[in-house]
Amino acid sequence: MTKGLQISGVTKYYAEGSGRIAALDHVSLKVEPGEFVAVVGPSGSGKSTFLSIAGALLRPSEGEVTVNGQLISKLSDRELSKIRLQEIGFIMQSSNLVPYLNVLDQVLIVKRMSGRVSKEDKAFAIQLLEELGLGSKLKSYPEELSGGEKQRTAIARALSNNPNVILADEPTASLDTKRAHEVVELIAHEVKSRRKAAIMVTHDERMLEYCDKIYRMEDGTLSLLQTNQREAMNLVKV
Amino acid sequence: MYLHIKSDTCVRYKNGGVEQIMFLAMKELMHSKMRFLMIVIIFVLLAWLVFILSGLGNGLSTLAASTFKNMKADYVLFEQGSQNAMGKSLLSDQLVEQVEQLPQVNAASPMGSTMATALKGQSTKNEDKIDIAIIGINPGSFLEPAIVEGSGLSAENPNHVIVNVTMKDDGFKLGDTFQLDGSTESLTIVGFVENQTYNHVTAVFTPMEEWRKITFAAPGSDKGIAGPVNAIMLQGKDIDSSAINDKLPGTDTVTRAEAVQGMPGYKEENGSIMMMLGFLLVISAFVLGVFFYVITMQKTNQFGIMKAIGARNGFLSKAIVSQVFVLSLISIVVGILLTYGTAAIMPKGMPFKLETNLVIIYSVILLIIAVLSSLVSVRKITKIDPLKALGRVE
């Protein structure tokens with residue numbers, strides 16, 4: 001079984017007027033466990049569509065998406081939500097926390113969605129939050145947190161179900177440089193130590209140093225821009 | 001798809017339990033107390049009004065017909081063409097013996113009713129004239145209500161009467177004698193009974209003989225009928241009314257409930273209250289539905305995020321429905337308390353009567369209406385696109 005995330009020949013069409021446009025044009029990408037990949041590109045280039053397809057939120061028109069060895073491009077909505085719950089951790093923009101849950105419950109809500117919360121789950125969540133420097137904020141609500149703390153909570157939430165794939169959508173959008181560095185460094189650290197396959201979509205060029213590979217998305221096609229250090233690249237443009 | 005959700009729900013219930021389902025709902029309730037307090041206030045007011053109206057309706061119908069409703073009779077035999085109304089019916093009491101012979105009829109007893117005015121002493125003051133309904137019955141028959149004070153009717157003393165306890169509030173007591181307006185008859189109170197009102201006024205029970213004297217004082221007003229009565233009350237389950245109609249020409253037998261409906265003004269009065277209640281319930285459904293919907297709309301993004309991280313429609317729908325359930329329950333309980341509080345400080349003469357089973361029925365109806373109205377919001381949730389939660393800055 002192949003671990004990680006494989007995207008091969010994925011195309012996504014959107015109807016526009018009488019014709020259709022390709023938001024993604026035969027995009028292929030492979031992310032191994034422990035690999036942290038960045039996707040940059042101008043707005044409207046298809047990054048969001050790409051992330052949605054990788055994150056089981058959207059089905060591709062053509063091509064295949066495999067998460068942790070499981071082909072997900074043909075699943076039903078219901079099965080997709082199960083994949084999202086079990087295999088994928090989303091880190092969204094900072095305010096995307098549930099406003100009436102405290103930090104600990106934000107992380108445990110994922111567990112609640114899949115059934116009951118055991119003592120071990122709680123212990124794991126607390127340990128995770130402590131590791132992310134939120135040990136003293138367990139009972140705080142989002143409105144009491146700084147931007148960085150919110151984003152670290154989001155990271156903990158993404159990791160709480162021990163998914164194989166981590167997807168980050170502009171995680172530094174609302175952070176200052178210092179906080180942004182902290183947050184991305186944390187993501188990179190967790191990705192490495194927990195062997196997750198991670199993709200970060202970002203505008204923020206300052207953050208690219210933490211990634212293993214940097215891809216550029218333009219007009220629906222993906223091309224490798226740069227490989228930081230070691231390891232040979234896999235494939236790029238089609 | 002639907003069945004899918006069902007079976008999933010069962011499994012969830014098993015390993016989740018109530019705490020699991022209520023989790024999101026309760027967390028949010030506790031976090032935004034003010035917002036939910038507003039809804040609770042509106043719901044409480046609606047529930048309060050529903051309970052007050054139902055108490056009023058019940059009180060009015062009791063006032064109009066409690067004597068009839070409390071009678072231990074199952075069917076009523078009227079004159080044909082009397083529209084089930086006492087005042088339009090005149091029969092001979094000789095029919096009593098005949099009808100008792102018929103199958104399914106266990107017992108029969110005649111009854112008459114007349115509206116009158118009681119005069120307290122020789123006073124000419126407004127408050128000393130009291131509207132009463134004189135109900136003529138045979139002393140000792142099954143139509144005679146149970147006495148709460150004093151003694152019952154007796155054939156030997158035809159002008160000894162038993163009256164509803166509310167006459168005490170008008171200053172009457174045991175042994176008092178009062179004159180009837182426009183009549184030479186005077187009646188002496190020998191006993192008090194409870195919950196006996198007829199046509200919205202106090203019921204005064206007299207022996208049949210005395211009732212005839214009062215009612216047919218004018219010569220010829222009895223149409224020459226021997227032993228005239230207004231109706232004959234029948235006891236017996238499953239009486240075949242059409243069979244009686246065939247056996248006794250010129251009569252019309254109906255159930256007691258139909259006879260109550262036939263009382264002048266009863267249907268109209270009850271109908272308007274029921275119509276108001278009906279409207280109120282429909283309005284409640286819309287008001288609550290819209291409120292829940294607006295609140296749900298505000299949370300579209302939030303629900304989108306939760307869907308993006310893997311929440312299923314069922315998980316979020318249960319959160320909404322359980323939240324509405326809790327809010328409704330709180331509101332209804334407060335509404336009930338307020339209603340009983342209102343009843344306690346209402347003036348005594350108000351026709352207001354709360355009955356536990358009515359309160360329960362309307363509570364359940366309100367609860368069902370609230371939960372059903374939240375289903376519109378549930379539908380909205382199932383349509384939220386988790387994609388919307390991505391790439392959105394707030």
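This is a predicted model: local features need pLDDT of at least 70, side-chain atom pairs count only at pLDDT 80 or more; totals for chains, interfaces and linings use all residues.
**Entry 1**

As an example of a pair I wrote down A:Gln6, whose bridge partner in β2(A) is A:Lys30. β1(A) also pairs with β4 (residues 62-67) of chain A, again antiparallel, through 5 bridges, and here A:Thr11 stands opposite A:Glu62 of β4(A).

**Entry 2: the open sheet, chain A**

Next I traced an open sheet of 6 strands in chain A, with mixed pairing and the order β6-β7-β8-β3-β9-β10. The edges are formed by β6 (88-91) and β10 (221-227), and each of these has a single partner strand, so one side of each is left without a neighbour in the sheet. On average, neighbouring strands of this sheet are turned by 20° against each other, direction ignored.

At one end of the order I checked β9 (residues 213-218), which runs antiparallel to β10(A) and is joined to it by 6 bridges; A:Ile214, for instance, has A:Gln226 in β10(A) as its bridge partner.

Two helices of chain A lie across strands of this sheet. I noted that α2 (residues 77-87) lies across β6 and β7 (165-169) and runs at about 80° to β6(A), while α6 (residues 177-194) lies across β3 (36-40), β6 and β8 (197-201) and runs at about 135° to β3(A).

**Entry 3: the helices of chain B**

In the unreviewed UniProt entry I found "transmembrane region" placed at residues 36-56, 273-295, 315-338 and 358-378 of chain B. Residues 36-56 of chain B are 100% helix, with end C-alpha atoms 30 Å apart, and residues 273-295 are also 100% helix, with their end C-alpha atoms 33 Å apart.

How do α2 (residues 33-70) and α10 (residues 313-345) of chain B cross? I noted that their axes come within 7 Å and cross at roughly 45°, and the two helices are therefore oblique to each other. The crossing is right-handed. Among the residues in contact are B:Phe43, B:Trp48 and B:Phe51 of α2(B) and B:Leu327, B:Ile332 and B:Gly335 of α10(B). By class, this contact has 15 nonpolar, 6 polar and no charged residues.

Conventions: Residues are numbered from 1 along each chain as its sequence is written. Chains are lettered from A and ligands numbered from 1 in the order in which they are written. Side-chain values use heavy atoms; hydrogens and water are left out. UniProt positions are given in the numbering used here, feature names are shortened, and annotations may be inferred rather than shown by experiment. Helices (H or I, at least four residues) and strands (E, at least two) are DSSP runs, numbered from the N terminus. Axes are lines fitted to C-alpha atoms, for helices over the stretch in contact, and angles run from 0 to 180 degrees between N-to-C directions. Angles under 35 degrees count as roughly parallel, over 145 as roughly antiparallel, 65 to 115 as roughly perpendicular and the rest as oblique. A crossing is left-handed if the near helix is turned anticlockwise from the far one by less than a right angle, and right-handed if clockwise. Contact means heavy atoms within 4.5 Å. Ala, Val, Leu, Ile, Met, Phe, Trp, Tyr, Cys and Pro count as nonpolar, Asp, Glu, Lys and Arg as charged, and the others, Gly among them, as polar. Two strands pair if DSSP finds at least two bridges between them.
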